[in-house]
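These notes concern aromatic contacts and the placement of charged groups over rings. Please read them alongside the model.

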Amino acid sequence: MALPLPPGLTPAETGFLCETELVTVIPRQRLESLELLGGPTQPLNPPFPTPLPLWLALLLKKQRRANIQPPAWLTLSSLRTILDFETDDRTAAVFSPPPALPQPTTIPDPDLPYLSPGTVELSTPFLKDTHTTSAQEGALPYHWLELASLLLASAADDFPDADAIRILIRDLREVRMSKLRKGFKVLEGGAGLKINGVGGLEVAEVRGFVGGVVDGLRRLGRAREEMRREREEEGGDTGGVADEDGSEDEMGL
Amino acid sequence: MYLPRGQLSQLYAHLVKTTHALSPPLIILTSLGVDALCATRILTSLLRRDYIQYHIEPVAGYSELQRAGQKFALPLTRQRGGEGGVVVCIGAGGLVDLEEVLGLDGAEGEVDMSDHGVEVWVIDARRPWNLGNVFGSSAAVQQGEDGPAVLRRQGVEQGRVMPSYRPGKGGVIVWDDGEIESELTAERDAFMALQDMPEITEEDLIVEGENSEDEVDDEEPSSSQSRKRKASTRDSDDEGSDGSDDEERPRRRRRSNPSTPIPSSPGGNPQSGQAETPSSSQPRSPGAVISSSPPRAPSARSLRRKLLKLRRKHEATLEAYYTLGTSNSEPISSMMYSLASELGREDNDMLWSAIVGISSVDLSPFARTKRRRNEAGKRVLDKSEQIREVLQDEVRRLNPVPEDEIRRSQSQYGVIQTKARSPTDTSIRLSPEPRFLLIRHWSLYDSMLHSPYLSTRLHIWSDAGRKRLHKLLAKMGVSLQEAGKGYIHMDMALKQSLRERILKFAPQYNLDHLVPGENGRRGLEGWGFVRSWGWKATLSAVDVATIASAILEVGADPHLPQATNTASHVPQQSYASRVRSLPTPPHSDTDTAGPAAAPGDPDWTSTRFYAAFDALSPTSEGLDKLLKHIPSAQHLARSILRTGSALIAKKQIRHLRSFRMGVVKDGPDTVLFSHPGALVKLAAWVSEAVAVLEAEKGRKGREGDEALVLACLDEARGVYVVVGLGGGAQGGKSVRSKAEIRAREDKKKKRAEAKAAARAARAIKRRDRKARQREREEALGLIDSDAESNHSQSESDATQSSASSSDSDGSGSDSEVNEAEVQRRKSRGYGSNKFGLAFQSVVEETGARVRIDSFEHSVVEVRREDLGGFLEGLSLRGVVG
């Protein structure tokens, strides 16, 4: 592929992925159930709130056929608690926790084959209902930044106080990015970075940099490693040659 | 047909359901007015959201409307290979028979235009409606052989579109704002009865009478309803068994009577077409056959006589409706907003469009309505006030005020808003807007000086008036230097207390309603609307309407006004060249064929239209365009003040018998005022000033006194643009005469007048009863005298009622209606502009070369040489007002 894009997902692509998430809409018009690839949607019956994929919700919003209800975590109070958590000194090292995983519905059975449908439990990017009104309050889901910016861009009038939310989202983003960046230091030592609760867009954002750093470090490390290994090999084979070489050099000088 | 208010969304919903990617685009014909523009904005945003293609075509007058019909509507017809479609007329052509104007009736070709499939939706605020549009069931029904059965269309009942109506056959559908349903019942009955009736005149009877003279009328005259039923049953009973020669005669007459002059001469007079509508729609009544041997009627002759009488009566009803004069009803942008809200699709942008449209209507002098009082003496809100209240509620619903704002606003309650709450704030707010002009974009002094309300009441045209303005400012504690600054940059403390200061001192200067007070249902009566575009700007609806109409009137190029006298010739010349070919005789065909616009001239209509249309867009680009044109609006305001002051200071307003008259011949601004819209604004200013002068002298004039005719010379074309403003102007309403005593006297006089009016009304009632009696007697005698006596009666009525200080010219002619009807009519005719009719008849009398093309019938163009004769004829007519 000749696409001049860096590896990984661009922000637009992440946003596109986010558009499959379900959000709650309050319809203004009736709409029969639609047969979509991801399954049929619920019929719309004003004024009952209904979950719909975000892309459809945005389309209806643009046509003024529905209003989008912001998810529970995208409210002033919820965002404020999250921001407090993020800026607290005691929790300076960790990100705010992602929404709690649902109770496991299956019992791990070692006899079942690997990844059989019976044993699969959903985890973060695939959790249900993380962006609807029934989402968990006070926990940022995987697509929090994408969803917030999409909603603020095209459905700002559905927020009671869009500007304050915009400010909070911005604050959160900066706090978390600085945390991420602070974590980069440990990469030098080849150590891992714990990024539990990080969002999709944040991953996409740092992927290029972190990947580059790790890659560069690996390359540097490889050169050193190879040299070391060579040296080791040489050292292992002929213990005294190195000394001789050194003396030869000295002699050559 | 008409679409009742309750089913407003029916047609649109059907359109949405049936449109597909290959359907022809909707044709939107929009007149050039801010209200129509705003309505178009609302409609197009609805269409865009439903993915319906549309094409906007601005039309400035009847000739352009006709051309648009040729160009867009005809290709849609099934006869021309189209598949039908929808044409929406916004603010255009409600007063004329649209099928004829658009060429859909097939009058020109010999093609049978039945079932042409083009639906014409008419949304117009101008009244009177063309009843052919409203109640006629359209050309889709043709003079078929199968009799009146085809007349009834599926789902249409007495012209009313029922929920079972299936669109697609075509025809004119008028969108009713509630008025047709509630007020036009008499007209509807008359129209329907006429449609069922055969064409019959006195001649028929005379011819017939020679043969048989021995009939006796032995039937009691019955109510119109039963008569009508009888007439229709009679029609259906006998299928033209013997009346072959009778059938011939009316047919011939139909053909020899080319009903309306509009299709033949677009520049001709639509009013005459309108007045003739009842008869012109008559040819469509298909198998109407005069019976000579009804089953149980005593004789053909007496029946026929009765029929003729009935016919005359119905025609008189329709005639009375048409002679009420032109007036304005509910603004079209408010109609369109109702459509959007019925669809549940309204939003802030649409609401703003509606508000701007309604504000522009409030500014125009054509839409003044009477302030009525109900039985309890409490003032009943007129229609525009009701709409305003509804809009205030809508604003509150769609723009909830944040809590802290409510707390904060207690302290600065009543300060006009000049900035947004936040950079993304695009909300609409209520604000106590003073009646200053463009205050956010001008200095306080200029904005006060150019406000028509203030300048007319303070007599700004004289030195004393200016001094008075300075004194008012001084009393308010505003130094002239401070007032000369831009309002935005004025002292904060001053701005915050400005409203209280005005409220305190304005009454001393007869400026009672300069700022809205705290009365009304929620203490917000008369409050204006303000919208913010983030930090970019905050504009009031009135200012937006002013600027947009200035774009339409002054020109689309915002840089012109700076170089006033020389450069502003350019757009005017292009306008001039567009209509250069003034028809020499009235009703001439010349300018349909003649090249209306020389090649190379910019299209005057569409450039200005689109400039204004873009400026009204709710986006920030639209805002930029709007702000760019503020100088145009200021330029126009300055010119109005300058010219108006000159007219009044030089006493160039002459008082004729029934109206006042002024002519703008020279001065720097004649070029500007050769545009009708600008001239209308000037006329509004002058008439307000005159009304104020009159009221201050203590003369509470009759309404006719406020009528004003203003003419302006358009040098380039050698024509005068003439504008007539009828009575009902609000000017003197709130002006108190200088001395309190005099005011009290006035009140007394008024009471006496009211008593006199009541007495007169009683007299009318008595006379009506007598008249009815006499008629009954006359019905037994000669019928030929009927019309005459009716006529003379109406004249005496007119004189009588004019003595009772009301303009019941229209009501006089239908003397058969009962007293309640008369009262209703009186109140209905109030505030309507009769100059359209007057101009019309004067043209017929004097043969002056006049061009009546504007949708506003009281705006005409008169040849330079013919102005004298025209005005003379007008003053002699004397029934104006």
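1. The relative accessibility of Phe135(B) is 1%.

2. This is a predicted model, in which local features need pLDDT of at least 70 and side-chain atom pairs count only at pLDDT 80 or more, while totals for chains, interfaces and linings use all residues; side-chain values use heavy atoms, without hydrogens and water. Residues are numbered from 1 along each chain as its sequence is written, and chains are lettered from A and ligands numbered from 1 in the order in which they are written.

3. Over all chains there are 10 aromatic pairs (Phe, Tyr or six-membered Trp rings with centres within 6.5 Å; planes under 30 degrees apart are stacked, over 60 edge-to-face, the rest tilted). One of them is edge-to-face: Tyr2(B) with Phe135(B), at 5.9 Å centre to centre and 90° between the planes. Because Tyr2(B) is in strand β1 and Phe135(B) in helix α5, the pair ties together parts 133 residues apart in sequence (helices, H or I, of at least four residues and strands, E, of at least two are DSSP runs numbered from the N terminus). Tyr2(B) is buried, at 1% relative accessible area.

4. Phe135(B) also pairs with Phe191(B): the centres are 6.0 Å apart and the planes at 45°, so this pair is tilted. Phe191(B) belongs to helix α7, residues 185-196, and lies 56 residues from Phe135(B). Tyr2(B), Phe135(B) and Phe191(B) make up one aromatic cluster.

5. The charged end of Arg41(B) sits over the ring of Phe613(B), 4.2 Å from its centre (NZ of Lys or CZ of Arg within 6 Å of the ring centre and within 35 degrees of the ring normal). Likewise, the charged end of Arg457(B) sits over the ring of Tyr453(B), 4.0 Å from its centre.

Conventions:
Buried means under 20% relative accessible area, exposed over 50%, partly exposed in between (1.4 Å probe, protein chains only).
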